[in-house]
Amino acid sequence: MRGFEMLVLVAALVVAAALPLAGSSDAEADAAQERAATPVNLAIGKAITATDSLKNFEARKAIDGNSSTYWAAADGRKPKTLEVDLGSAYAVTGVEQNFKDVDTHSFLIEASTNRTSWTRLLDKTTGARGQTFSQGVSGNYRYVRLTVTGSASNFWAGSTEFAIYGIDPQPRNLARGVSATSSSHGPGYEPFKAVDGDGTSYWGAEVSGMPQWLMLDLGSSIAVDRIEQSFVDNDTWTFKIEGSQDKTNWQLLLDETDGVVGRVFSKVLSGNYRYLKLTVLGSAAGHWACSQELKVFGTGEPVTTKWWESRSGVMRFYPVWQQLRLDAITAQLDTLKSQGFRAIELSPVSDGNKDLWAGLPVMNLYQVDPDIGTMQDFEELLQAAHARGMKVIIFTNPGYASIDSPYFQKAQDDFRANVQSVERSWFDLRKQPGAYPELWHYSARAQGYYWGTWDAKAPSFNYSSQAWLDEARKYLRFWMDKGVDGIALDAPNVYHTTTVAKNNYAITDVLRNYDTFMNGEGVREPQYIYDWHYNSLQDYTITQWAEPPNPGSSAILSAIDSGNPSGLENTLKNYRDLMVNAGGVTQTAPNWGRTNYPVDRRLLEIATMTSMGTFFYLHNDYYTILPHEQQIPNWPADQRETLYKLIRAQNSSPALAPLGLRVKLPTSNDQKYYAYKRTSKDGTAKALVLLNFQSTPQTVSVDLTGTGIALGQTPTDLVEGTAGPAITGATYQVQLPAFGFKLLSVQ
């Protein structure tokens with residue numbers, strides 16, 4: 001146990017011993033005693049202000065319990081202040097400040113009960129080397145502030161997490177941050193807003209019609225002792241709340257189907273549930289279904305990390321292109337799971353033109369391609385994957401059809417005959433081409449021109465057509481209701497005449513009802529997370545894919561070829577870190593455009609990817625989409641096994657998950673080696689990663705001063721599952737082979 005943790009625990013026990021429990025039941029007394037003895041981060045979700053903030057790096061991101069996000073000041077001037085208002089005085093037992101980078105930082109942490117008299121809790125105004133700084137304290141405070149006064153490297157003031165530990169006598173809302181889904185939602189009133197801990201936001205249905213429902217997935221079985229539902233308005237509400245362990249068998253927990261007047265309703269109960277479902281049946285005043293906050297109290301640890309944020313290892317299949325039947329993929333699931341994969345992607349699965357882009361041009365929106373199986377085969381694949389704890393993503397395409405699709409055939413005939421039809425409205429057909437004539441293609445059958453963004457064989461769906469927008473919504477719901485766990489889309493930013501509002505209406509806001517994985521292939525800026533609402537983007541700064549002989553590009557392979565990884569940190573900061581700060585994850589695959597690349601170097605590329613914090617995936621051992629070219633099956637068996645060990649290692653530690661913090665650590669030569677600390681989203685798990693970019697064995701030294709990594713421990717080698725080299729001091733030395741690596745679990 002670290003000294004800071006011991007100080008926090010001792011202070012907590014002193015406070016616990018002093019708490020009166022008179023008038024409480026035995027169960028309530030036990031619960032209160034447990035809360036009193038367990039310090040928590042009091043800052044999470046509290047009011048916070050800052051001197052100023054850079055856009056998208058708001059002060060609240062320093063106290064959101066997510067190490068991936070952070071506050072950054074608006075400029076490099078100092079001092080800059082961050083101040084938390086806990087709302088009332090709490091018994092504070094510790095403080096912790098986490099910067100984005102290792103440096104000599106100058107700062108001060110103070111606390112007050114009245115914002116007039118301040119007590120110094122942690123004074124580093126003369127400068128201290130490190131990234132994580134913590135201090136056990138004792139006292140009752142309402143306000144706690146951080147003042148950053150300097151940085152030897154001139155880093156701007158910031159905080160990845162400003163934690164204030166102490167005793168919270170109030171019961172914890174276990175629903176905060178869990179997965180929430182809904183029957184519908186209006187723009188800006190997504191289901192997650194009923195569990196975000198913000199009393200000013202709320203879930204609201206898309207339409208006035210009832211019933212509408214909101215469902216929470218707590219992620220594990222929770223012993224629930226109280227629930228609380230808050231509507232936005234005082235009214236006579238008709239509703240019910242049910243609980244379930246499996247989403248199939250439901251138990252009625254709160255029955256107000258006869259109507260009840262008020263805004264906030266609660267119920268004391270006793271039972272174990274994973275799922276809670278609110279169904280709103282009516283409102284006397286005609287208010288739409290909503291929930292400002294649906295709270296759950298009890299005992300247990302809910303899951304607040306989405307599956308794509310906490311697991312990795314995706315095997316992508318191109319079943320239509322490769323003529324790979326779905327039952328054959330089902331037969332591979334056990335092997336894939338043993339290798340470490342936790343998800344598969346089918347690119348695509350619906351009926352498409354296999355002669356173009358792996359079958360993406362749509363022939364039939366609602367049918368499995370008959371060459372790869374039936375809908376029953378697909379449903380059995382989903383069931384088999386889920387039974388093994390694996391997820392299924394489909395790469396799909398509401399962007400363009402095949403020129404041979406019955407939809408486009410009818411659209412052409414109707415255009416020629418001047419018949420207005422749904423299918424005709426799905427496409428942009430005109431007598432004469434408009435702007436960008438190279439993207440207008442003549443159709444003799446239609447006796448007119450149609451728009452095809454990518455190819456004459458792929459007429460684009462028309463996002464200026466309300467009929468198509470509504471069909472796209474229906475299409476995505478159809479596949480999501482089959483039980484898929486995520487959807488990736490082909491270049492949605494260039495769908496014909498699309499806009500942010502059209503994209504959100506037809507695509508991402510539909511998918512947000514399911515709280516699911518949403519990847520926008522081809523889009524590259526944080527705005528596609530903030531505004532377009534995707535939650536996964538491919539990292540083209542690390543790997544730009546290509547079909548051989550085009551080599552594409554790879555920042556990691558370039559570092560390996562040059563033997564100098566010093567540029568990788570800024571590459572990751574300028575893309576990956578921006579995306580996770582925005583609330584998404586990056587998705588990254590090896591660069592298979594470099595054919596016959598030496599396997600030991602390829603494994604270093606993969607070791608970097610599986611440890612740096614990304615959603616890692618492979619292409620069924622193929623270069624991109626060329627089914628006749630393989631590489632991994634030709635590797636020596638021990639190197640193939642090392643690949644699978646790396647995938648399993650990433651999934652074995654929350655610290656290596658796609659989400660979470662990465663902090664570069666100084667090595668004996670940053671021009672030769674790359675080392676970093678990884679921290680899980682909630683800060684409870686850590687890993688130390690060391691990478692040798694040299695063609696010869698090296699002794700790599702890493703400076704652990706002020707990193708929050710405990711000295712005097714023996715790490716666990718996450719790749720080999722054995723004890724790693726012991727950490728005995730702030731200077732840590734490890735022997736690495738040529739192009740070698742260590743991924744270590746540390747305290």
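The questions and answers below concern this predicted model.

Q: Why is S460 called buried?
A: A residue counts as buried under 20% relative accessible area. S460 has 3% relative accessibility, and therefore it counts as buried.

Q: Where is S460 found, and which residues is S460 in contact with beyond its neighbours within four places in sequence?
A: S460 is found in the loop between β21 and α9 (466-481). Leaving aside neighbours within four places in sequence, its contacts are G399, Y400, W426, F427, D428, W451, G452, T453 and H496. A contact here requires heavy atoms within 4.5 Å.

Q: What makes β19 and β20 edge strands?
A: The open sheet has three strands in the order β19-β21-β20, with antiparallel pairing. In this sheet β19 (429-430) and β20 (440-443) each pair on one side only, and they are the edge strands.

Q: What makes both faces of strand β8 count as covered?
A: In β8 (residues 179-182), S179 and T181 lie on one side and A180 and S182 on the other, and all are buried. In a regular strand the side chains alternate between the two faces of the sheet.

Q: Which strand is joined to β8, and by how many bridges?
A: Four bridges join β8 to β10 (residues 212-244), and the two run antiparallel.

Q: Why does the radius of gyration agree with that of a compact globule?
A: For 747 residues a compact globule would have a radius of gyration near 27 Å; the protein has 28 Å, so the two agree. Along the principal axes, the C-alpha atoms fill a box of roughly 85 × 75 × 50 Å.

Q: What share of the residues counts as buried, and what share of the accessible surface belongs to carbon and sulfur atoms?
A: Of the 747 residues, 56% count as buried. The accessible surface comes to about 28,700 Å², and 49% of that area belongs to carbon and sulfur atoms.

Q: How far apart in sequence are the residues joined by contacts?
A: Among contacts between residues at least 6 apart in sequence, 73% join residues at least 24 apart.

Terms used: Residues numbered from 1 in each chain as written. Predicted model: local features only at pLDDT ≥ 70, side-chain atom pairs only at ≥ 80, totals over all residues. Heavy atoms only, no water. Pairing = 2+ DSSP bridges. Rg over C-alpha atoms; globule rule 2.2 N^0.38 Å. Buried < 20%, exposed > 50% of the residue type's maximum accessible area, 1.4 Å probe, protein only. Areas by Shrake-Rupley, 256 points an atom, 1.4 Å probe, with all protein chains shown as cover.
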